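Welcome, and please take a moment to look over the sequence and the model before reading on.

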Amino acid sequence: MSRVYNFSAGPAVLPEEVLKEAADEMLDYKGTGMSVMEMSHRSKAYDTIIKEAEADLREIMNIPDNYKVLFLQGGASQQFAMIPMNLMKNKVADYIVTGQWAKKAFQEASIYGKANKIASSEDETFSYIPDCSDLPVSEDADYVYICENNTIYGTKFHTLPNTKGKTLVSDVSSCFLSEPVDVTKYGIIYGGVQKNIGPAGVVIVIIREDLITEDTLPGTPTMLKYKTHADNDSLYNTPPAYGIYICGKVFKWIKKQGGLEAMKEHNEKKAAILYNFLDESKLFKGTVRKEDRSLMNVPFVTGDAELDAKFVKEAKEAGFENLKGHRTVGGMRASIYNAMPIEGVEKLVEFMKKFEAENC
């Protein structure tokens, strides 16, 4: 069977080249006579894998020396608790709620201190990013939190909020490595890798060193302290070893493509093909305010639930997988991460045009 065009929001499409390389090394990684899956995380071979992965990520993102890179487990959702446990010194944090994941992070932080919702786009089903140029940032806030790209609703912060000098914490799960980023603007930039970088099971946290302290909230488990992992180079306990190995391969693939500038160009080209069609279509329409559109996740609808279901069914039959929208919003969503080839988006638009002609 040939590979389908996989528009899943995560776990998502990975570069074919990376999968083939991993397949070639599955039974014998570089003459070790074993798979990376079977290898001790304390071995010399694995030490090289994780160190190279970190070095390549630092190079791609231009991560300054005063930031630690941590390969952790628990997904982005575990960070919803880990962040307040480690950062809420004054027991106050400000949240900008632009989607379901930011909302969940906000609710989790409320367990540990006073979480303030200082801006939200819930009034219009998270279809836009609120103006964040002059927010009521709390004087004693330990940090300001955002989810930078909203996987479900297809919005993206194209301008970071004015945090008025407070530490910015950002969940970049669904836009990780899709374009250049200035790491120095963040205290913590983190994301689950299963959308744009690797298999589910790894979360990467890039954290400024001054935020890594012993001074965590009382009762914080050892495993949920950033210091535990920073002091042990992400090897305090057995890490998600195979997942990190695949991430490392994806970092090398990104370097080969020309780095984050090249990724951005590639992603803009892909997104334009789909958005331009949606803007002209008589049947389909995008659901996000134009200036806030994501390059990664594109939600769209016909306005008729039955027609939406028919489209998803026929698209699947034609080899376009995972186009059904998230259960909370319905409609359709095409996630077009780094590894989705331009051809995949072109073929999708071709199919949408045909469907429109037959159903309008």
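Contact here means heavy atoms within 4.5 Å. Axes are lines fitted to C-alpha atoms, for helices over the stretch in contact, and angles run from 0 to 180 degrees between N-to-C directions. Helices (H or I, at least four residues) and strands (E, at least two) are DSSP runs, numbered from the N terminus.

This is a predicted model, in which local features need pLDDT of at least 70 and side-chain atom pairs count only at pLDDT 80 or more, while totals for chains, interfaces and linings use all residues. Residues are numbered from 1 along each chain as its sequence is written, and side-chain values use heavy atoms, with hydrogens and water left out.

**The seven-stranded sheet**

- Two strands pair if DSSP finds at least two bridges between them.
- Seven strands make up an open sheet with mixed pairing, in the order β2-β10-β9-β8-β5-β3-β4.
- At its edges are β2 (67-72) and β4 (114-120), each of which pairs on one side only.
- On average, neighbouring strands of this sheet are turned by 20° against each other, direction ignored.
- Strands β3 (residues 92-97) and β5 (residues 144-147) pair in the parallel sense, over two bridges.
- Asp94 has Val144 of β5 as its bridge partner.

- Buried means under 20% relative accessible area, exposed over 50%, and partly exposed in between (1.4 Å probe, protein chains only).
- How many residues of β9 are buried? Five of its five residues are, so the strand is mostly covered.
- Ile188, Tyr190 and Gly192 point one way from β9, while Ile189 and Gly191 point the other way.
- β8 and β9 run parallel and are joined by three bridges, and Asp171 stands opposite Tyr190 of β9.
- With β10, the pairing of β9 is antiparallel, over five bridges; here Tyr190 has Val205 as its bridge partner in β10.

**Helices lying across this sheet**

- Helix α3 (residues 75-87) lies across β2, β3, β5, β8 (168-171), β9 (188-192) and β10 (203-208), and runs at about 155° to β9.
- Helix α4 (residues 100-109) lies across β3, β4 and β5, at about 160° to β3.
- The buried residues of α4 are Gln100, Ala102, Ala105, Phe106 and Ala109.
- Covering these buried residues of α4 are elements including α3, β3, β4 and β5.

- β11 and β12 run antiparallel and are joined by two bridges, with Gly286 opposite Phe300 of β12.
- Pro299 is placed in β12 (residues 297-301) and counts as buried, at 9% relative accessibility.
- From Pro299 to Gly286 the separation is 13 residues in sequence and 6.0 Å in space, C-alpha to C-alpha.
- Not counting residues up to four places away in sequence, Pro299 touches Ile152, Tyr153, Gly154, Gly286, Thr287, Val288, Met332 and Arg333.

- Two packed helices are described by the angle between their axes and the distance between the axes.
- Helix α7 (residues 259-280) packs against helix α9 (residues 342-359) at an angle of about 5°, with the axes 9 Å apart.
- The two helices, α7 and α9, are therefore roughly parallel to each other (angles under 35 degrees count as roughly parallel, over 145 as roughly antiparallel, 65 to 115 as roughly perpendicular and the rest as oblique).
- On the α7 side the contact is made by residues including His266, Ile273 and Phe277, and on the α9 side by residues including Val345, Met352 and Glu356.
- By class, this contact of α7 with α9 has nine nonpolar, one polar and five charged residues (Ala, Val, Leu, Ile, Met, Phe, Trp, Tyr, Cys and Pro count as nonpolar, Asp, Glu, Lys and Arg as charged, and the others, Gly among them, as polar).

**Cysteines**

- A disulfide is counted for a pair of cysteine sulfur atoms within 2.5 Å, and by this rule the count comes to zero disulfides.
- Cys147 counts as buried, at 2% relative accessibility, whereas Cys360 counts as exposed, at 62%.
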